[in-house]
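This report describes two contact surfaces in a protein model. The structure is shown first, and the description follows.

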There are 4 protein chains.
Amino acid sequence: MQSNPRIQQQLAAWVEENKGHVILGTTAQYIPELGKADPSKLGICMLDEDGNYYCAGDTDEKFTLQSISKALTFIALSCHYGLEFVLERVDVEPTGEAFNSIIPFEIHRPNKPFNPFINAGAITVSSLLPGRTSQKKYEYLLSFLEKLVGHPLEMDHDVYDSEWKSSHRNRALAYYLKEAGFLEIEVEEALDIYIRQCSIQVSTQDLALIGLIIAYDGYNPITEEKFFSEEIAQVAKVLMVTCGMYNSSGNFAAHVGIPAKSGVSGGIMAAVPPKLHSQTYEFRAGAGIGVYGPAIDVQGNSAAGTMMLRQISKEWDLSIF
Amino acid sequence: MQSNPRIQQQLAAWVEENKGHVILGTTAQYIPELGKADPSKLGICMLDEDGNYYCAGDTDEKFTLQSISKALTFIALSCHYGLEFVLERVDVEPTGEAFNSIIPFEIHRPNKPFNPFINAGAITVSSLLPGRTSQKKYEYLLSFLEKLVGHPLEMDHDVYDSEWKSSHRNRALAYYLKEAGFLEIEVEEALDIYIRQCSIQVSTQDLALIGLIIAYDGYNPITEEKFFSEEIAQVAKVLMVTCGMYNSSGNFAAHVGIPAKSGVSGGIMAAVPPKLHSQTYEFRAGAGIGVYGPAIDVQGNSAAGTMMLRQISKEWDLSIF
Amino acid sequence: MQSNPRIQQQLAAWVEENKGHVILGTTAQYIPELGKADPSKLGICMLDEDGNYYCAGDTDEKFTLQSISKALTFIALSCHYGLEFVLERVDVEPTGEAFNSIIPFEIHRPNKPFNPFINAGAITVSSLLPGRTSQKKYEYLLSFLEKLVGHPLEMDHDVYDSEWKSSHRNRALAYYLKEAGFLEIEVEEALDIYIRQCSIQVSTQDLALIGLIIAYDGYNPITEEKFFSEEIAQVAKVLMVTCGMYNSSGNFAAHVGIPAKSGVSGGIMAAVPPKLHSQTYEFRAGAGIGVYGPAIDVQGNSAAGTMMLRQISKEWDLSIF
Amino acid sequence: MQSNPRIQQQLAAWVEENKGHVILGTTAQYIPELGKADPSKLGICMLDEDGNYYCAGDTDEKFTLQSISKALTFIALSCHYGLEFVLERVDVEPTGEAFNSIIPFEIHRPNKPFNPFINAGAITVSSLLPGRTSQKKYEYLLSFLEKLVGHPLEMDHDVYDSEWKSSHRNRALAYYLKEAGFLEIEVEEALDIYIRQCSIQVSTQDLALIGLIIAYDGYNPITEEKFFSEEIAQVAKVLMVTCGMYNSSGNFAAHVGIPAKSGVSGGIMAAVPPKLHSQTYEFRAGAGIGVYGPAIDVQGNSAAGTMMLRQISKEWDLSIF
């Protein structure tokens with residue numbers, strides 16, 4: 001199917017309409033390098049199963065994955081060792097703790113972090129990636145992501161340095177995890193791989209493509225490649241719905257209803273599964289979405305991006321609920 | 001469409017297969033009257049959009065709603081005052097607290113219970129039902145439910161008495177809610193309506209019918225009646241996925257993927273939305289499910305019922321994820 | 001020894017000096033009847049071992065014991081069943097929880113309330129008083145206190161009624177204690193005895209006398225009567241130092257250093273043990289002190305009363321440290 | 001006054017009597033180097049105001065200060081900057097948290113660690129010692145302690161190395177403190193000074209001497225030197241009573257009643273203030289006590305040492321209560 005100019009126009013209109021919402025957020029000040037981003041930016045890219053990209057707004061920006069990487073290391077690790085291996089080490093239960101909770105109530109009694117999207121779970125998952133050093137683990141992850149997006153990816157070294165220096169909270173958490181017996185590798189190694197993965201640079205196009213692959217249960221309908229199993233994709237989508245948008249996950253599910261994972265860089269990756277009974281024709285066959293809007297709200301999600309996705313989901317009937 | 005005997009046979013076979021799992025649970029001992037139930041029971045009833053009931057196992061039993069009522073008071077209240085009214089008073093965020101958590105970490109900072117499915121949120125919702133007394137509130141709810149199921153319903157007075165006497169935990173919680181300013185009515189009134197709603201008797205057929213109506217976004221496809229709005233149904237389904245199965249909600253979503261609400265009586269109400277791209281033909285147009293299996297696991301869900309739903313969802317591809 | 005007019009004059013001067021501090025507090029608004037007290041009142045009564053009372057300021061007022069009663073039920077119960085019996089049921093460890101903490105972190109792992117001065121411990125202690133009903137338990141306690149002070153005591157029924165209606169927090173806590181297995185009697189009975197003991201009316205003279213008896217290890221040096229053992233008095237004094245002034249106990253110990261117990265009515269009972277090496281001659285042989293100042297600070301202690309005791313202790317070198 | 005041989009004999013007898021209690025504890029396994037100590041050791045040294053040392057049992061051993069150092073850095077810092085400076089940065093309120101609590105509930109709302117004897121408060125205090133580097137801070141503290149004991153002191157480098165490697169919990173806590181804004185210096189510098197102070201080697205004689213100086217309010221009655229103010233000594237004694245024995249502080253106060261500070265090395269430093277009305281003649285003029293018994297109980301205190309002090313306090317009437 002060919003690209004539909006009406007969809008393109010509609011997206012551009014919605015970006016304009018939602019740009020005002022950037023004032024509901026600010027850039028992440030606690031990571032100085034992220035704080036430097038331009039808070040007025042807003043962009044979206046949608047990709048359909050025929051390979052048509054619909055992009056509107058500020059989609060030339062590159063930004064770092066931050067917490068979006070948590071979904072991707074979960075998938076990469078599950079691909080390598082199997083879902084069962086991962087679920088033995090980290091649970092998939094939502095929790096009410098805030099994303100910047102410094103008190104680590106993050107351990108599910110008796111023996112697992114609640115889920116891979118809270119920092120305790122994410123650091124545990126990263127520490128388990130194949131490879132004996134954080135360099136090797138990083139290379140494994142990067143190679144996995146490069147296969148998904150089809151082109152080389154790079155780390156933003158300034159963001160890495162900024163996070164490495166300012167992540168007292170994550171260091172506290174990682175030493176706590178080590179004390180509690182969750183980390184097999186050294187704490188500083190675990191932090192290194194975790195902060196590296198957060199610092200990988202992507203575009204909204206990249207996020208749309210990975211989102212589409214997740215929506216298609218690990219399958220790229222454009223290149224007809226299979227990257228991971230339906231079971232893994234299914235659990236990833238469950239996690240995105242129940243925990244993907246920090247402490248607004250429930251509200252995002254209620255008002256948007258699309259599996260998604262956000263990061264404090266202002267990125268959102270969303271996976272729109274096929275919905276043949278949808279009330280509209282747009283994206284009935286599913287889609288991937290990448291959003292960038294670095295002004296984040298108190299929960300840590302792109303303020304304008306969230307509002308825009310709410311409008312898009314409602315207008316085009318994309319909710320899975 | 002006429003009833004399909006193959007479906008009936010398949011369900012009967014699965015009930016047999018899963019009966020062994022009742023030993024993974026016990027009846028709810030902390031409510032003496034529930035403790036008397038026969039733990040070996042297991043039954044399921046599915047209802048399709050043409051009005052065909054497929055029932056297998058112990059489906060002649062009546063049992064009390066218990067926490068399943070939390071989903072129904074949420075819907076009833078939202079119908080009466082509008083969704084916005086309700087969401088101003090209770091949030092829709094999941095939490096990691098156990099169902100029998102006695103420490104009331106159930107209040108979302110700054111001012112709402114986390115969601116209507118934890119006890120703090122459920123008691124708050126019940127207390128807001130229309131009517132000046134708990135008797136009036138109960139009558140309102142009962143009448144709403146009787147319209148949904150199309151026949152009179154009754155309270156199990158023995159269960160009510162048993163819970164009234166043994167619910168120290170809920171009393172503690174309700175006085176805490178009163179102290180914190182969440183209850184406009186008297187504590188004992190709030191407990192009365194809450195325990196009454198928990199004590200309403202239903203059958204698996206009733207749960208299947210209500211489940212179907214939720215799956216059809218408030219619409220009964222058999223009688224062609226509309227009971228509540230799509231928005232309300234959507235939020236109800238989000239709550240069922242994120243918080244419906246107590247502290248296994250994430251695991252249930254990952255392995256079953258059907259919006260559902262359970263109760264400690266061993267009942268489960270599930271709503272299977274239409275899924276036209278499903279890999280099987282059974283229930284592609286959606287369904288309602290009622291399960292009864294009073295032996296509950298440590299999280300509070302029917303042990304064998306959960307296992308059976310896992311098998312059914314996998315075999316007939318019913319997951320929304 | 002005869003009464004010393006210089007001491008009397010000095011106390012009167014200090015009352016005047018400290019009256020200004022009443023603005024640092026307010027009367028306890030959460031118990032409406034206590035809220036009606038005159039916040040400008042301040043009075044003190046000291047009693048020496050020869051029976052001389054030195055009273056200054058508003059010492060004609062009667063007021064209710066409130067939390068001061070926690071020290072007295074602890075002593076009464078220990079007298080009846082022995083210290084060992086009591087210490088098996090409640091620990092003597094301080095805790096950092098606020099006096100109005102609604103989250104009951106008050107249970108010392110694995111099986112005891114932290115101490116008899118937090119509400120969980122106090123309600124447990126009260127519930128154990130001899131007698132099969134709350135009426136009998138109350139009569140036992142009242143009779144014990146009347147022996148100590150040497151005259152009849154009465155309950156303030158308006159305060160009792162006010163607290164009975166407004167004590168949602170204590171009800172929540174008591175139901176929680178029942179659920180957790182700490183209360184052998186009915187919750188409402190336990191609350192009845194607890195609120196009754198809080199509502200007993202005393203004067204600063206009464207508190208000074210009981211304080212003197214505690215300072216003298218259970219012995220009244222004036223009447224030469226022995227009421228309770230040295231061991232009980234010693235543990236009572238430890239509790240007064242470590243937990244007697246709510247969450248300012250540590251600061252009170254550091255700056256005043258006299259075993260004391262306060263109540264939200266604005267009363268303080270203090271026990272000045274003999275200190276022969278004191279740098280001053282006043283009260284070297286010990287004393288009892290009763291203070292009344294109903295304007296309480298955020299921790300729940302008489303604002304001006306605390307400041308006045310700080311000055312007195314410093315000037316007359318009364319600290320045990 | 002000359003040394004009294006009866007006291008010496010009595011102490012020797014009590015060491016023998018209490019040796020059996022070493023089996024109630026084990027050496028601190030979580031710091032491997034401490035775990036190597038001989039758990040059967042038990043020794044005590046008492047020092048009177050005339051300079052007579054009474055030593056019995058294993059008093060030739062040297063051991064590390066561990067948490068005993070918390071009392072000493074508090075005093076050293078208060079000497080240098082004044083008590084007010086210190087109390088602005090750390091409170092003096094007891095808390096119910098266990099010594100090895102990994103969840104840092106250690107911050108008193110809104111802005112101070114609860115007290116200088118929990119790890120959060122102790123690390124904060126150490127980080128404030130004069131000097132721009134941890135080396136300088138350490139030298140300042142060491143010089144202060146050497147003046148008190150009158151001879152050079154040394155660090156146990158093996159213990160330092162062992163703790164430096166195994167203190168994940170303290171690292172977690174220190175990074176948490178940094179994040180929360182309590183540490184002005186670098187985390188690793190703060191840990192370095194903290195672990196150094198814990199690793200300083202002392203004898204029971206040293207602890208007895210420092211205990212005597214604290215009992216005499218900062219004054220050495222033997223050499224007639226004044227080291228710190230009465231106010232500082234008084235707060236130190238309050239802290240020793242309310243928080244000095246970890247989570248048994250309340251019980252130790254109730255059953256022993258002597259201001260004391262223990263460490264997980266098995267050392268206890270106790271300060272017996274003058275008590276002219278004591279029922280016995282021994283140590284009426286006060287004393288200092290040093291105990292060593294490396295088998296520690298679950299709270300972290302020398303098991304046999306605690307029992308022995310209980311007996312001594314009772315027999316010689318040393319309790320301040």
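A salt bridge is a side-chain nitrogen of Lys or Arg within 4 Å of a carboxyl oxygen of Asp or Glu. By this criterion, the count between chain A and chain B is zero salt bridges. The model is a predicted one.

Between chain A and chain B there are 10 residue pairs in polar contact, both residues at pLDDT 80 or more. On the side of chain A that touches chain B, α11 and α12 (249-255) of chain A each supply at least two residues. The largest share of that side comes from α11(A), with seven residues.

Within chain A, the domain assignment gives domain 1 (5-64 + 202-316) and domain 2 (68-198). To their contact, domain 1 of chain A contributes 36 residues and domain 2 of chain A 33 residues. The C-alpha centres of these two domains lie 22 Å apart.

Between domain 1 and domain 2 of chain A, zero salt bridges are counted, and two residue pairs are in polar contact, both residues at pLDDT 80 or more. The elements giving two or more residues to the domain 1 side include α2 (32-35), α10 (204-215) and β10 (267-272) of chain A. On this side α11(A) gives the most, with eight residues.

| Contact | Buried area | Share on carbon and sulfur atoms | Residue classes of one side |
|---|---|---|---|
| Domain 1 and domain 2 of chain A | about 2,900 Å² | 78% | domain 1 of chain A: 23 nonpolar, nine polar, four charged |
| Chain A and chain B | about 2,900 Å² | 60% | chain A: 13 nonpolar, 14 polar, four charged |

Key: Residues are numbered from 1 along each chain as its sequence is written. Chains are lettered from A and ligands numbered from 1 in the order in which they are written. This is a predicted model: local features need pLDDT of at least 70, side-chain atom pairs count only at pLDDT 80 or more; totals for chains, interfaces and linings use all residues. Side-chain values use heavy atoms; hydrogens and water are left out. Domain bounds come from an automatic or database domain assignment. Contact means heavy atoms within 4.5 Å. Buried area is the accessible area (1.4 Å probe) that two parts lose on being put together, summed over both. A polar contact is a pair of N or O atoms within 3.5 Å; within protein, one must be able to donate a hydrogen and the other to accept it, and residues adjacent in sequence count only if both atoms are side-chain atoms. Helices (H or I, at least four residues) and strands (E, at least two) are DSSP runs, numbered from the N terminus. Ala, Val, Leu, Ile, Met, Phe, Trp, Tyr, Cys and Pro count as nonpolar, Asp, Glu, Lys and Arg as charged, and the others, Gly among them, as polar.
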